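Trainee: Can we go through this one together? I keep seeing labels and I'd like to know what each of them rests on.

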Amino acid sequence: MKEANNLNQKTGPTIWAVGGGKGGVGKSVISTLLGFWLSQMGKRTVLIDVDFGGANLHTMLGIKSPPKTVNDFITKKYDRLEDICIETGIENLRLLSGASEILSLANLQFAQKIKIMQNISQLDTDIAILDLGSGTSYNVLDFFLMAHRKIVVLTPQPISIQNAYAFVRNAVYRKLSRLSSQKPALLATIKTAMDPKNEMNVRTVKDLLNAVKENNSEEDMDLLSREITEIRPALVTNMIKSPRDKEAGRIIQLVSEKYLMIHPTILGSIMRDNQVDNMISGMAPLTTIDRSSEAIAGVYNIVADLI
Ligand SMILES: Nc1ncnc2c1ncn2[C@@H]1O[C@H](COP(=O)(O)OP(=O)(O)O)[C@@H](O)[C@H]1O
Ligand SMILES: [Mg+2]
């Protein structure tokens, strides 16, 4: 997305987004544990709850009712997101809490999202982690696409693999539509192609690029193919029970390469760990989880690889 290129990449934080289809796959748990390890490794980190419908990141950090939330920014009570960040009690780790009660947030205008992203890129921190909401609404997809590192969480269940693939696919098509928003003829081709039963016989991104070459221009086709290769989702399989479960990410990788012409990477996997469940049910801060826990070891490996 063009807009993403406007983000201040040199001096601002690196923005990580954690997304991926349906609720309950562990996006918030993983965001929290990623933030925890990053802070332990000396990276100043802000966790941002972008799940405007069901903000719950604060409870995972043991904070009952956050004194300030993103809502205070949207309603212009504060001009900068920096002023709404709250301490978590962990050195180097702050939280920007979501605003669950505000329905208007569920339908942000594109310009508002850009404004939020620009403000995130001005935060005084090394890394900002966006814990995205569930589903594939434009809100979720736009924040995902604007992030520098795009993490997709899935579980080994077939339905979750399907959901994660649908999420990636929708992100690709959302990016294509945004790219052509100023080009009506190109947008028309893309809109037609997105209908699963379209008469142009376009079934894959490869077909779409050919259709663009035919109906629009070769330059348009080049532009689109360049921009989609920039989407490199990083896959994390959560709640695995056996080493075989690690293969889930491979399936998405293969299908994405074949049909979407993008090349996701595999970041790693995280074991299913009852301690996580117990801590969340008991409202205990996840950051106090036993260091020998299997889940936290998985997240450690991911962070160590990335940093
Ligand atoms: N690695 C894990 N091991 C055990 N339980 C987990 C793990 N990851 C997530 N969970 C469970 O799944 C639930 C949903 O996780 P959550 O992060 O809230 O999902 P999402 O943000 O994707 O909706 C958590 O409340 C927790 O009980
Ligand atoms: Mg969540």
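This is a predicted model: local features need pLDDT of at least 70, side-chain atom pairs count only at pLDDT 80 or more; totals for chains, interfaces and linings use all residues.

Trainee: Okay, why is Thr-14 called partly exposed?

Mentor: Thr-14 has 16 other C-beta atoms within 10 Å. The buried label needs 20 or more and the exposed label 12 or fewer, so Thr-14 counts as partly exposed. Thr-14 is in strand E1, residues 14–19, and it touches Ile-127, His-148 and Arg-149, leaving out residues up to four places away in sequence.

Trainee: What makes Ile-151 buried?

Mentor: Ile-151 has 25 other C-beta atoms within 10 Å, and the cut-off is 20 or more, so Ile-151 is buried. Ile-151 belongs to strand E6, residues 149–154. Neighbours within four places in sequence aside, its contacts are Trp-16, Ala-17, Val-18, Ala-234, Val-236 and Leu-267. Ile-151 and Gly-19 are 132 residues apart in sequence, yet their C-alpha atoms are 6.1 Å apart.

Trainee: How do you know that the buried residues of H10 are on the same side of the helix?

Mentor: The buried ones are Asp-220, Leu-224 and Ile-228. They cover an arc of only 60 degrees around the axis, so they sit on the same side of H10. As a rule, an α-helix has 3.6 residues a turn, so residues three or four places apart point the same way. Glu-218, Glu-219, Arg-226 and Thr-229 are exposed on the other side of H10. What covers the buried residues includes helix H7 (158–179), helix H8 (184–194) and helix H9 (205–215).

Trainee: And how do you know that the length of H10 agrees with what a helix should span?

Mentor: Helix H10, residues 218–229, has 12 residues.

Trainee: What makes Met-239 and Met-283 stand out in their backbone angles?

Mentor: Met-239 has a positive phi of about 60 degrees although it is not a glycine, and Met-283 has one of about 55 degrees, again without being a glycine. Most residues other than glycine have a negative phi.

Trainee: Are those two buried or exposed?

Mentor: Met-239, in strand E7, has 23 C-beta neighbours inside 10 Å, so it counts as buried. Met-283 lies in the loop between H12 and helix H13 (294–306); with 10 other C-beta atoms within 10 Å, Met-283 is exposed.

Trainee: Which elements supply at least two residues each to the shell around ligand 1?

Mentor: Helix H2 (27–40), strand E7 (234–240) and helix H12 (274–281). In total 17 residues surround ligand 1, with Gly-23, Gly-26, Lys-27, Ser-28 and Val-29 the closest. By class, the shell has seven nonpolar, six polar and four charged residues.

Terms used
Residues are numbered from 1 along each chain as its sequence is written. Chains are lettered from A and ligands numbered from 1 in the order in which they are written. A residue is near a molecule or strand if its C-beta atom, placed from the backbone, lies within 6 Å of it. Helices (H or I, at least four residues) and strands (E, at least two) are DSSP runs, numbered from the N terminus. Ala, Val, Leu, Ile, Met, Phe, Trp, Tyr, Cys and Pro count as nonpolar, Asp, Glu, Lys and Arg as charged, and the others, Gly among them, as polar. The expected span of a helix is 1.5 Å times one less than its number of residues. The arc is that of the directions from the helix axis to the C-beta atoms. Two residues are in contact if their C-beta atoms, placed from the backbone, lie within 7 Å.
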